[in-house]
Amino acid sequence: MNYAPNLKSVLQIMDYAAPYKGNFISAIECLEKHYQNAGNTVYLFPDKAMNLPWVKEMNYNGKRIYFIETSFYSKKIKYSNLRTIDNIVKKENISIIHTHFVEYNYSLFFYKKFFSQNIRFVANFHNHYIPSGRLYLLKNWVIKSTIDFYIGDSQSVSESLIKIGIQSGKVKTINNSINFQRLNVSTEMVITKAGSNYSVLMFGYPWFRKGVDVVAKALFKFNMGKKSPVTLALAQAGCFEATSEAIVKTLGYLPDWVTFLGPREDLASYYNAATIFISAGREEGLSYAPIEAAYCNCDVICSDIPGNPLDIPGISIYSIEDYSSLKNIIEFLLSISRKEKIRVKKDSEGICN
């Protein structure tokens, strides 16, 4: 990519170091293509992302990538981090800073106030902003004093921003985009454990926000006394021990029908291998996993939170903490034929249209 000094560039600041690009980076690269006639897109990742294969691939393909100490994304304010930002801004002719997975940030606040007041700050909120702690008033003030424009990944996320006093005219809802082309690539695989005929797939980290305890209770009740228990397949990039401990705390032990799946770029392989996908979150900005699972023709169950896409034809919905209701839905989905499921989905599509 050729550098155009006469154009205004965007610095994408992302606290993102997942072992795979995922849908998020695909969306940012799509945004880069749409902006390329107006200026360059520059990427800033935490330094722990430096050796990730997909980051190296982006670098090889000519993306303008920089790294910063992970401390930048914490409460710490270090002059070296401020200088790193300032050097990038000057070198790349940055006019807009666009942040992701960064809420209140004291370093960016100090940068705006003391280094460059001409930069426009845009913040993407991928989850609801729920201020907490004894310093929540300070956090709110820092956000309002730093950010010029706010993007909520769903209407309910935008409403959470307006609720803390941000002017509605500064908030725009832009739903998460999905690169469906990614879901056309998959490998045939088995995720059920030995002796199991069906599997429930969900994302397991962080366990409380994802509702792992609720699903564990539902499957514990469903599997009780069954010779062929349903497998609970938990896909997550790490922190398996924390999720295991949560299940033990919930059930008193770790059942042998629980299995952990590592991260992979071709998530369609997991969706295609699963019998049911559950988005059991207690909080989501806009969860695109249920949409991806439905695209892969997986049965989908969602908790009734605003961040779940509850208008997907043919999905099942339960009240977030009601594991008995969830258990009954799982039982129903496993009891009806594929032909009947297709009929129900078509009927639902008719209602939605």
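These legends accompany several close-up views of the structure shown above.

This is a predicted model, in which local features need pLDDT of at least 70, side-chain atom pairs count only at pLDDT 80 or more, and totals for chains, interfaces and linings use all residues. Residues are numbered from 1 along each chain as its sequence is written, and side-chain values use heavy atoms, with hydrogens and water left out.

**View 1. Seven strands line up in an open, parallel sheet.** Let's start with the overall layout: the strand order is β3-β2-β1-β4-β5-β6-β7. Strands and helices are DSSP runs numbered from the N terminus (E, at least two residues, for strands; H or I, at least four, for helices), and two strands pair if DSSP finds at least two bridges between them. β3 and β7 stand at the edges with a single partner strand each, so one side of each has no neighbour in the sheet. On average, neighbouring strands are turned by 20° against each other, direction ignored; the axes behind this angle are lines fitted to C-alpha atoms.

**View 2. Strand β5 sits between β4 and β6 in the sheet order.** On one side, β4 (residues 94–100) runs parallel to β5 and is joined to it by five bridges. Look for I96, whose bridge partner in β5 is R120. Between β5 and β6 the chain passes through helix α5 (residues 136–146) in a right-handed β-α-β crossover. Right-handed means that, with the strands pointing away from the viewer, the path from the first strand over the helix to the second runs clockwise.

**View 3. Three bridges join β6 to the parallel strand β7.** β7 covers residues 171–173, and V171 in this strand is the bridge partner of Y150. The chain gets from β6 to β7 through helix α6 (residues 155–163), again by a right-handed β-α-β crossover.

**View 4. Strand β9 is largely enclosed by the rest of the structure.** Five of the five residues of β9 (residues 231–235) are buried, where buried means under 20% relative accessible area, exposed over 50%, and partly exposed in between (1.4 Å probe, protein chains only). Both faces are covered, with T231, A233 and A235 on one side and L232 and L234 on the other. In a regular strand the side chains alternate between the two faces of the sheet. β8 (residues 199–203) pairs with β9 in the parallel sense over five bridges, and M202 has L234 as its bridge partner. β10 (residues 258–261) also pairs with β9 in the parallel sense, over four bridges, with A235 opposite L261. Helix α9 (residues 240–251) carries the chain from β9 to β10 in a right-handed β-α-β crossover.

**View 5. I77, F110 and F114 form a nonpolar surface patch.** Patch members have over 30% relative accessible area and no salt bridge, and nonpolar side chains are joined within 5 Å; a salt bridge is a side-chain nitrogen of Lys or Arg within 4 Å of a carboxyl oxygen of Asp or Glu. I77 lies in the loop between β3 (64–68) and α3 (79–92) and counts as partly exposed at 39% relative accessibility.

**View 6. N23 is a buried residue of helix α1.** The helix spans residues 22–35, and N23 has 5% relative accessibility.

Key:
Patch = residues over 30% accessible without salt bridge, like charges linked within 9 Å, V, L, I, M, F, W, Y side chains within 5 Å. Areas by Shrake-Rupley, 256 points an atom, 1.4 Å probe, with all protein chains shown as cover. Axes fitted to C-alpha atoms, helices over the stretch in contact; angles between N-to-C directions.
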